[in-house]
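Hi there,

Here is the structure I promised to pass on. Have a look at it first, and then read my notes below.

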Amino acid sequence: MNDTKRLGRPRKFDADEALSAAMHTFWAKGYNGTSMKDLARAMGISGPSIYAAFGDKRELYLKTIDLYSDADGCEPIVRLEAEEDIRLAVKGFLSAVITYSTEATYGAKGCFLASCVSTSVGEVEGVDARMVKSIEDTDARLAARFDKEIAKGTLPTDFPSMDRARLMYDLRQGYVFRGRAGADAATLLSDVDDRVSLILTLPTGS
């Protein structure tokens, strides 16, 4: 048997690049607003090739959510984890969130999960569980950063790591919402230092 025929034609596209292109298309147009023609055009491959490599539209959508959630390169979290000084780390996190909420080069601002995926919860099967996992994973990474400071002695032992992690997540989502509504970076950055103090200061009476 001819090996070439048995193995089939090799795919002439990069799967991760194609998924990234699909993600940005969903991000800009929403799940319902994105057609298979839109996806084929963005991904640079034919409809049959999309089905063969990624499944139908729903399966492709879920794969783009997994791609986004599994990426370690979420800039705000990278800045939080990389900066040794906790105050600068929290400020860097919030500043990065504001930047990606007010500036975009691909037609969509903010976070893919908040801006697009959250609108399809309860509508597209498989999205709900992915959203819950992503939120829990993010909360855990943020809390772990505070726990590191507790271990170093730069934050008190009774610092509420998980509560402040959730506060940071909620602030992030608020910035995303304001950015998509048209708020500019300068306005949102003007009170970042106050937000940092709110996150790092223990409640009165603690």
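Predicted model: local features only at pLDDT ≥ 70, side-chain atom pairs only at ≥ 80, totals over all residues.

The protein chain has 12 helices and zero strands. Of its 206 residues, 39% count as buried. The accessible surface comes to about 11,300 Å², with 51% of that belonging to carbon and sulfur atoms. If you take the contacts between residues at least 6 apart in sequence, 68% of them join residues at least 24 apart.

Now for the helix pair. Helix α5 (residues 57-70) packs against helix α9 (residues 127-152) at an angle of about 5°, and their axes are 11 Å apart. An angle under 35 degrees counts as roughly parallel, so α5 and α9 are roughly parallel to each other. On the α5 side, the residues in contact are Y61, L62, I65, D66 and S69, and they meet V127, R130 and S134 of α9. By class, this contact has four nonpolar, two polar and two charged residues.

The loop residue is E83, which sits between α6 (75-82) and α7 (86-102). Leaving aside residues up to four places away in sequence, E83 touches L88, A89 and R145. E83 and F93 are 10 residues apart along the chain, and their C-alpha atoms are separated by 9.7 Å.

Best wishes

Terms used: Residues numbered from 1 in each chain as written. Heavy atoms only, no water. Helix = DSSP H or I, 4+ residues; strand = E, 2+ residues; numbered from the N terminus. Buried < 20%, exposed > 50% of the residue type's maximum accessible area, 1.4 Å probe, protein only. Contact = heavy atoms within 4.5 Å. Areas by Shrake-Rupley, 256 points an atom, 1.4 Å probe, with all protein chains shown as cover. Axes fitted to C-alpha atoms, helices over the stretch in contact; angles between N-to-C directions. Parallel < 35°, antiparallel > 145°, perpendicular 65-115°, else oblique. Nonpolar A, V, L, I, M, F, W, Y, C, P; charged D, E, K, R; others polar.
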